[in-house]
Amino acid sequence: MTQIDLDSGLETAYSSEAEEYARAMLNILEDFASEKERLEESQRAVLNILEDFGAEKERLEEVQRAMLNLLEDFDVERSKAEASNLELREAFESLRRAKEAADAANRELQAFSYSVSHDLRAPLRAIDGFSLALVKGYEGDLDAKGKDYLHRVRAATQRMAQLIDDLLKLSRLTRGELNLTWVDLSALARLVTEELQHSQPGRRGVTFCIAEGLVARGDPRLLKVVLDNLLGNAWKFTSKKVEAKIEFGATRMGSRLAYFVRDDGAGFEMTYTQKLFETFHRLHSERDFPGTGVGLSLVLRIVRRHGGEIWAEGEVGRGATFYFTLDTLRPETET
Amino acid sequence: MTDARSILLVEDNPDDVELTLLAFEMNNIPNPLVVVEDGAEAVQYLFADGPYADRDLDDRPVLILLDLKLPRMGGLEVLRRLRHDQRSQGIPIVVLTSSLEAEDVVRSYELCANSYIRKPVDFDQFVETVRQLGSYWLVLNEGVEN
């Protein structure tokens, strides 16, 4: 029994030790398994992260591509802008050159009119002066015919002087800046008619009809010249009539307002209406109605500088009407 | 005017000189007309210089008639010099010229010209101009005493 007991005791001792080992081993194995599971989990997480990284990388690459495209577009845009900048600079440059040329031409014109004003008049003074000296100082030596010739010489000289002065006026008025402001044309017309009546106080029988409240934007000095000439012409070409009527007004023609100066004087043939505005061109003889033929070409230039137009209607013996428009919002139109 | 001081005419055109003399004569202006032909000569005359070194500096003209367009020294330069020198500041200067360019008129007055007259082509008018010039500057106007 004892043996057995011993044996069984030993057996018991051994078996409990083995059991303990087995348990420990099991524990270890269990631990390994959970460790493995954790590791696998970590691995999965890492894989997930890697996967995420991949997607992120792809997105980044896409963004990069988009940015590169944008940069390329910018580049195209920039070279386009540079090209148009260059074009603009070239346009400015040619504009500057054109302005320089215009300025030079203007200076030349100024020098020319200065020279005309000074040099062409000097010989005229001598012709007139010495003709008069002959008439006055050598009266006894000249017969009536001789004196008449000298008178003609003097008359021609003075006419030449008048032509020179008118030409100078033409060149002076058509250069220089426009001084735009609101101009009371009705008041200006009244002033001009007063001046006309003052110039010939003996003349009666002229009725002036001036429309009220006509205001336009323009250069007052130049518009005065327009009315001086148009009303002056009306005054001149009605001079052979006992009763005459001179009108200044405005009428709507389509979308435009046309100002007009109308008289019931000598009139003109409509066939020659274009000739009216040519410099030095006249439709009436110097004997009937004196003048140099510069007035209307002056008016034409001024009206055109104001962006407007001028035209005329007339009938021989029935009078004439001159219409003009002013459009200072439009740039200056050249002839 | 009993002493009849001289008038200085600065003019290069012989026709204009002759006509001015004629107009003076027609108006019975007693003052002798001294003629110089260009601006430089005018300055020499007034300051007794060069060919005029022997001239008495105190014998100042009562009036200067000045053309603007002159050879060598132009009329505006003459004006400038005369107005900057005390010896000639008191002498009335009438610009008598052909030009009616606004710039000439403005410059002349800036340089203290006393008057600006455009020579008319009509000689009758010129004679009348000279008559008025004489009665104003030689009779009416009180100048600086010599």
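Start by selecting Arg96(A) and Glu100(A): their side chains form a salt bridge, with N to O at 2.7 Å. A salt bridge here is a side-chain nitrogen of Lys or Arg within 4 Å of a carboxyl oxygen of Asp or Glu. Both residues sit in helix H1 of chain A (residues 2-137), four residues apart, or about one turn of the helix. Helices (H or I, at least four residues) and strands (E, at least two) are DSSP runs numbered from the N terminus. Across all chains, the whole structure has 35 salt bridges.

A word on what you're looking at. This is a predicted model, where local features need pLDDT of at least 70 and side-chain atom pairs count only at pLDDT 80 or more, while totals for chains, interfaces and linings use all residues. Residues are numbered from 1 along each chain as its sequence is written, chains are lettered from A and ligands numbered from 1 in the order in which they are written, and side-chain values use heavy atoms, with hydrogens and water left out.

Next, colour chains A and B separately and go to where they touch. Each side has 23 residues in the contact, meaning heavy atoms within 4.5 Å. About 2000 Å² is buried between chain B and chain A, 52% of it on carbon and sulfur atoms; that is the accessible area (1.4 Å probe) lost on putting the two parts together, summed over both. Now pick Lys69(B), Glu101(B) and Val121(B), which supply 33% of the area chain B buries against chain A, more than any other three residues.

Five salt bridges link chain B and chain A. For one of the structure's bridges between these chains, show Asp122(B) with Arg154(A), 3.0 Å from N to O. On chain B's side, the elements giving two or more residues are helices H1 (14-26), H4 (102-110) and H5 (123-140) of chain B. Highlight H1(B), which gives the most, six residues.

Last stop: the largest pocket, with a volume of about 890 Å³. On a 1 Å grid over the protein atoms alone, a pocket is an open set of points where a 1.4 Å probe fits, with protein on both sides within 12 Å along at least five of seven lines; lining residues have an atom within 4 Å of a point. The volume is the space filled by probe spheres set on the points, which are joined across faces, edges and corners. Select Asn229(A), Asn233(A), Lys236(A), Gly291(A) and Gly295(A), the closest to the centre among 36 lining residues. Then show H4(A), whose eight residues are the largest share of the lining.
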